[in-house]
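Colleague: Could you take a close look at a single part of this model and describe how it sits among its neighbours? A plain account is enough.

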Amino acid sequence: MTKATAARRIHIAIIGAGHAGLCMGMRLKQAGLHDFVILEKAATLGGTWRDNTYPGASCDAPSFLYSFSFAQKTDWSRRFAWQPELLGYSTELAIKHGLLPHCRFNAEVARIAYDETANTWTLACTDGTEIVADFVIAAVGQLNRPSTPPIAGQSTFAGTQFHSAQWNHAADLAGKHIAVIGNAASAVQFVPQIAPLASKLTIFQRSANWLMPRKDRLYAPRTQRMLTRFPGLARLYHDAQWFFFGEMQLTPLMKQVKPVQALARWKSLAHLRRQVKDPALRAKLVPDYPIGAKRVLFNDDYYPALSRPNVELVTDSIERIEPAGVRSRTGELHAADVIIYATGFKSTDFLAPMQITGRGGLDLKLEWSKGARAYLGVTVTGFPNFFMLYGPNTNLGHNSILVMIEAQVGYVLDALAKMKTRGVKRIEVRRDVLEDYNRSLQQDLARSVWAATGASWYKLADGTLTNNWPHSTIRYQRLLREAKLEDYDS
């Protein structure tokens, strides 16, 4: 290796400059650890809120739940923040906490390999550069690789087609026939925005969603000033929403508490009856699975958009795509000038497409051939000094993911501090600890509402639930309050 291409030596390498990576960077600096780099594959930071720029993109969790406890934003403009404000929050954090000098953009990590002799990790980027680090913290998230299902005839389509997470802002939608394939979280947000523009909008629905009232609203300037002047009030507001919105209302849904499920179902169906007067359309919008088994959506304008005269909801499956549109299995051709795929992400392929090789040449892809798993969602046997944020079984269906990320970041910091204090250079979670943890976790998941339905982005084809956490965030915080080095080999 020539001097020009010599690998850069660093103490800690963080992969990803979304909320998780930024949180890790901020907390490292607060702990007095400044020898780290944040590697980001894109040209700018922001993660989810950089990538998803479709019309109406916003957060499902209330704005005050989408702030870190140590960096509470007090001047949110509305109850459910939209994408520009969420991205702005990330940028503000990076600037305020001096993270930009630590960020290396356009640095996509292709391969990571552990050197047992040197006890270091070598990270190879797609541009040919390398970094050697003592610790690696993967903060790439679960929803960063758009999934477009293979449909016969896609390449023959004569019009414009794109995924909602890769929105084509140059596409002129005015007066066009638009086909939307998929109807979940992103679709319910952008459909109301584009419906008034389209000559005809056809939505292909595979299964209906459980929708709850969103009740979004702008915060009055007086409220913003008061919360900014008294940060304690903002913190109290955050905690009240976290506890009552998530822990009290939605946690019982995933645990299949019958009275709570019945109440939530009634509330959702009442919302549907209020907003959709056509009985035939309403019947198409009633899910055939228990409430909570798939992501519960919060929205007030999707149902009214479906009732527009220029909008059609199609529940027939798709046969193929043709140059002039989408043909359903009934034989009907639905004309389209534009196709938008609202088909989600490759959510179960954790850390892909990176090739990660651990101790003894262990390939993480093979280790996870039957599904991704990690101790506390953070560490994996065979991969020393390697941590994950928002890893396997840490996704939520009931609260803000930032709560989980903060717990994970605190756990990593505690592990690093204890290693330094005890003079430990290497930790690797014990196989028996990981196996016992995952066995208990899967038993709890088997009793959850997510196990009571078929395909979802939470699970593999065989039904294994790899994404979600089956308990309260309070329980998760308690488990990650301290890193117990006795759980690890060193």
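**Strand 5 and its partners**

Modeller: Strand 4 (residues 109–115) pairs with strand 5 in the antiparallel sense, over six bridges. Strands here are DSSP runs of E of at least two residues, and helices are runs of H or I of at least four, numbered from the N terminus; two strands count as paired if DSSP finds at least two bridges between them. This is a predicted model, in which local features need pLDDT of at least 70 and side-chain atom pairs count only at pLDDT 80 or more, while totals for chains, interfaces and linings use all residues. Residues are numbered from 1 along each chain as its sequence is written, and side-chain values use heavy atoms, with hydrogens and water left out.

Within the pairing of strand 4 and strand 5, Thr120 of strand 5 is the bridge partner of Asp115. The two strands form a hairpin with four residues between them, and Asn119 in the turn has a positive phi of about 55°.

Strand 5 is also joined to strand 6 (residues 130–138), by four bridges and again running antiparallel. Here Trp121 has Ala133 of strand 6 as its bridge partner. The hairpin of strand 5 and strand 6 likewise has four residues between the strands, and Gly128 takes a positive phi near 95°.
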